[in-house]
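Here's a quick tour of one protein model, with the sequence and 3D view side by side. Have a look around first, then read on.

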Amino acid sequence: MRFIPLQQRCTRLLGNHEGFCGIVQICRNRTRSAALVLVSLIIVMYSGFQIMYMPVEMNICQDPSKSKDSYLQNIDDNITIVTMYLNIGTFKKTSFFLFSKESYATDHYKNWLFSWGKLNNRVIAFFDDDDFIEQFRIKRAHLPDSFTKIVRISKDQLSAFKYKKQVEEINQHPSFSLSYPPDYTCTMDAKYDALEMALKMDDIKTSYVAWMDIGLFRRLQEEDPPFTLKVPSDFNSSKLGFSEVTSRKWLSQLTPREIYEKNVVWVAGGFVLGVKKVISEFITAYRNTARELLAQGLADTDQQVIASMYSPDMASKQKIDIMTYSCPRGSFSLYGHAYLYFCLPYICKASAECKTRSQKNPENYNHIHISSRHS
């Protein structure tokens, strides 16, 4: 069968209406071009997502042949973990870049408790919900009794909630909008009340203490093995450790008010690592700053307080330096905003794992690089 071009076929069917046939040909060519562009865009987008969500291997373990004394810095590298959950009902968290707002209720936090059953560190936990206490106790029932201390607490025992009315007044002011409800703002401040209570207890036998939010390891799977958190080998015990969310250079031109208005986050408040003395001194400075900011009509979360503390207006008042840790996207298979906010706790988890491997086989384990910054 002889092939007849589209133009000739069109002419035979429509006679001398060549102009119309030309339009048909043009439309067909444009359709073909559009299809090619669409296919190209799909390929580019797919490749981009492949790169964006490609796991990244982080080397956490130091090479003992090059830094034989690195582990001696933190011989006592065990960490006592302090946490707290207060039932403040359902609330929405602020969206982060392209991520939409999410609602959180008590059931969300209960579903995240399975990771605490896998955690082999000693834990001091403060709760105001009896059902939550029971669920937490069940998850950690297989561990020695000394590994879990649960304290029943009420909001009245936490100094942060004494300022709730002031936070509410700020929230109602038309010139400034909060990212979170007042109860959540007070709860974020109250973590330092809980930390201070824990530091005064005789239950802490380790040099290092860390605050850890309930849901930090919620991305673990039920089938994942138990884990331990240990201090990274490069950690400077004179400083306080945080995960870095935004480079500190972005704070260099901002006032505390601008930090609140723009919802700027320098370090994540979900995991705070340090020795008892440093944490205690930081708590005092944090409270003083939080009260000062409240007096200026500023209230949101602990993350804005900390960013303000180390902004140009307030940095000179701070005696405690911050040591930040940052992870590339895809490290520890963390994506979205998780690789920013969960970096340091996952490094602590990996630090424990690499030290275990080095003890079992000193000649064959991964040497790793930790991305940390001293300020």
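Where do glutamate 353 and lysine 349 both lie, and how many residues apart are they? They sit in helix α12 (residues 343-360), 4 residues apart, which is about one turn of the helix. Helices (H or I, at least four residues) and strands (E, at least two) are DSSP runs, numbered from the N terminus.

Two notes before the details. You're looking at a predicted model, where local features need pLDDT of at least 70, side-chain atom pairs count only at pLDDT 80 or more, and totals for chains, interfaces and linings use all residues. Residues are numbered from 1 along each chain as its sequence is written, and side-chain values use heavy atoms, with hydrogens and water left out.

**The overall picture**

- Out of 375 residues, 47% count as buried. Buried means under 20% relative accessible area, exposed means over 50%, and partly exposed is in between (1.4 Å probe, protein chains only).
- Take the contacts (heavy atoms within 4.5 Å) between residues at least 6 apart in sequence: 78% of them join residues at least 24 apart.

**Salt bridges**

- A salt bridge here is a side-chain nitrogen of Lys or Arg within 4 Å of a carboxyl oxygen of Asp or Glu. By this rule there are 14 salt bridges.
- Glutamate 353 is partly exposed because its relative accessibility is 34%, while lysine 349, at 15%, counts as buried.
- Aspartate 131 and lysine 110 also pair up in a salt bridge, with 2.3 Å from N to O. Aspartate 131 is in helix α5 (residues 130-139) and lysine 110 is in helix α3 (residues 106-111), so this pair ties together parts that are 21 residues apart in sequence.
- Aspartate 131 has 37% relative accessibility, so it counts as partly exposed. Lysine 110 is partly exposed too, with a relative accessible area of 22%.
- Lysine 191 and aspartate 302 make another salt bridge, and their closest N and O atoms are 3.0 Å apart. Lysine 191 belongs to helix α7 (residues 182-199) and aspartate 302 to helix α10, so the pair ties together parts that are 111 residues apart in sequence.
- Are lysine 191 and aspartate 302 buried or exposed? Both are buried.
- Lys191 and Asp302 also belong to a network of salt bridges that links them with Asp213.

**How helices pack**

- Axes are lines fitted to C-alpha atoms, for helices over the stretch in contact, and angles run from 0 to 180 degrees between N-to-C directions. Angles under 35 degrees count as roughly parallel, over 145 as roughly antiparallel, 65 to 115 as roughly perpendicular and the rest as oblique.
- For residue classes, Ala, Val, Leu, Ile, Met, Phe, Trp, Tyr, Cys and Pro count as nonpolar, Asp, Glu, Lys and Arg as charged, and the others, Gly among them, as polar.
- α7 packs against α10 at about 70°, with their axes 8 Å apart. That makes α7 roughly perpendicular to α10.
- In this contact, Met188, Asp189, Lys191 and Tyr192 of α7 meet Asp302, Val305 and Ile306 of α10. By class, that's 4 nonpolar, no polar and 3 charged residues.
- Helix α9 (residues 276-295) meets helix α10 (residues 302-309) too: their axes come within 10 Å and cross at roughly 100°. α9 is therefore roughly perpendicular to α10.
- On the α9 side you'll find Phe282, Ala285, Tyr286, Thr289, Ala290 and Leu293, which meet Asp302, Val305, Ile306, Ser308 and Met309 in α10. The residues of this contact split into 8 nonpolar, 2 polar and 1 charged.

**A spot in a loop**

- Serine 237 is in the loop between β6 (208-212) and β7 (240-244). At 33% relative accessibility, serine 237 is partly exposed.
- Serine 237 and valine 275 are 38 residues apart along the chain, yet 6.3 Å separates their C-alpha atoms.
- Setting aside neighbours within four places in sequence, serine 237 touches Tyr208, Val275 and Val278.
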